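Hello,

Please have it open beside you as you read.

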Amino acid sequence: MSKRWLLALMARVGLIVLGLCCCLSLFYLLGCKPASRSSQQSPLWSGGATTKEGYMALLQEREDSHRHYINSLTKQIAQLKEALQERTQQLQESLDKAKTKGILPLGLESLHKAPTQSDLKEFFRSQLNQAEVNSGVNLASEYEVIPFDTFNLRRVYQLETGLTRHPEERPVRKDRRDELIGTVETALHVLNGPQQHIDNTRRKHTYSPSDFIEGLTRTQRGKGTIYDLMFKGDNLQDFTQLVLFRPFGPVMKVKSERIDTQSTVINIIVPLSKRADTFRQFISNFREVCIKQDGRVHLTVVYFGRDQIDQVKATLDQTTRETRFRSFTLIQLNEEFSRGRGLEVGTRAWRRTQNVLLFFCDVDIHFTADFLTSCRLNAEPGKKVYYPVLFSQYNPSIIYNNQTLLPSVQQQLVIRKETGFWRDFGFGMTCQYRSDFMNIGGFDRNIKGWGLEDVRLYRKYLHSKLLVIRSPTRGLFHLWHEKTCADELPPDKYKMCMQTKAMSEASHGQLGELFFKPVIEAHLNSQRQINRGT
């Protein structure tokens, strides 16, 4: 019986031990269960493990991730630095080759590195070495020579006479006067400076402006301006020479912008009186350039009087029927012809809200589609107006007197010194926005007939803050026509008219041939007789 009781006790103890083992095993499994992905990423917000060991494991994982990311960025930066260094070396080699070939000026390397004071001095020194200061350069012919201007304290003697046509004059532009006077003052400062006392122990007096004899100056594009100045010495045979050089700096970017001219309409205003045949020739060019090629123009014709008005209307009606072009306005004024009055009326007749671009044009002007593009690009409301210098034809009967038939108008449109000249004294053809014309005050309405109204308008713009673009253009021609100077013109206008007439006939050499034609023919006849005798 005691044996049975012992077996029952051992069975109970075994069951209890088995139960305890099962419980321990269950707790062990729960304690060693791995955390889920969400609990690893955010234990505070998703109810995962919050023990110190869990935080340490999470921090270690984040640190490893950041370390891998930093290593990746470091590698990418190193690759970019290597590529940049390679490109910089290629650019430097290209610049060196370009400088060796003379394609680019020295100093352009400053565009890709921050210039220092020493770099600037080195650049200026290179400009001096390239300029013809200390020695000459090998020139291909006499046409490559850049002549000097000679000047003293009162006058400048020049080959490039400009608009004044004066071979000697007081400098017209204030900046030019200031430049030359400032150069002489700089020279006096150098000659009277303390260093000059040390270098020249023989000097017995202080230099003054009265000691300046004359100077030579010229500007070499891309390099600088040279001043060779001569001063009196201590006696009549003693002189002091001082050479100064004003170097040009490297090219500097000012702005870069896109200009959209697609919606820019040009209102071409033509004042007209009679000259119906010339108007038909003008419309022929207008149809080809403005209607067929450009298509963004409006034509305003301001006609004075009644004579030949029907022919002008017929020409416009024919153009409308044949081309479907209707963007034109014809205004008739029963009064004496005045170019300024006609352009003013044509400008004010524009009733659309758009601030239109105006092109003041004469009936004897031939223009191309390229010129219309230049008109749009070089005029900007409130900022700049365009005053192109057109090419004026000589008398075709003089130019082509050795030909049986005159070339066509299109064949005559060539820019050569034998066929015409740049009409730099004319300011009638201009592109400007209507708002600028109205704000500047328009033309002088008191001027009647021919001349001066365009010059006075031009001067208004020169006195304003607007930028005046004045340049020759290859797409604008003044066709030759017989010019009549009316007797009723006042003396100043009549003189201007006659000067223009003389300049428009032929070149100086061609007029000389006409003037000396009897002498030339007599010489030719004598030569023929000599040849026959031999």
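Cys485 and Cys497 form a disulfide, and their sulfur atoms lie 2.1 Å apart. The torsion about this S-S bond is about -90 degrees, so the disulfide is left-handed. The pair links distant parts of the chain, twelve residues apart: Cys485 sits in the loop between strand E15 (467-478) and helix H16 (491-505), while Cys497 belongs to helix H16. Both ends are shielded from the surface: Cys485 counts as buried at 9% relative accessibility, and Cys497 counts as buried at 2%. Please keep in mind throughout that this is a predicted model.

How many disulfides does the structure hold? There are two. The other one joins Cys375 to Cys431, with an S to S distance of 2.1 Å. This link is left-handed too, with -120 degrees about the S-S bond. Here the partners are 56 residues apart and again come from distant parts of the chain, with Cys375 in helix H11 (residues 369-377) and Cys431 in strand E14 (residues 430-433). Cys375 is buried, at 0% relative accessibility, and Cys431 is buried as well, with a relative accessible area of 0%. If you number the bonded cysteines of the protein in sequence order, the pairing reads 1-2, 3-4.

Buried or exposed, where does Cys290 fall? Cys290 counts as buried, at 0% relative accessibility, and Cys361 is also buried, with a relative accessible area of 0%.

One more residue that I looked at is Thr300, which is found in strand E8 (residues 297-304). Thr300 counts as buried because its relative accessibility is 3%, and the cut-off for buried is under 20%. Which side chain does the side chain of Thr300 meet in a polar contact? The partner is the side chain of Asn267, at 2.9 Å. Leaving aside neighbours within four places in sequence, Thr300 is in contact with Asn267, Ile268, Ile269 and Val270, and also with Thr329, Ile331 and Gly346.

Happy exploring, and do write back with any questions.

Best wishes

Conventions: Residues numbered from 1 in each chain as written. Predicted model: local features only at pLDDT ≥ 70, side-chain atom pairs only at ≥ 80, totals over all residues. Heavy atoms only, no water. Helix = DSSP H or I, 4+ residues; strand = E, 2+ residues; numbered from the N terminus. Buried < 20%, exposed > 50% of the residue type's maximum accessible area, 1.4 Å probe, protein only. Polar contact = N/O pair within 3.5 Å; in protein donor to acceptor, adjacent residues only side chain to side chain. Contact = heavy atoms within 4.5 Å. Disulfide = S-S within 2.5 Å.
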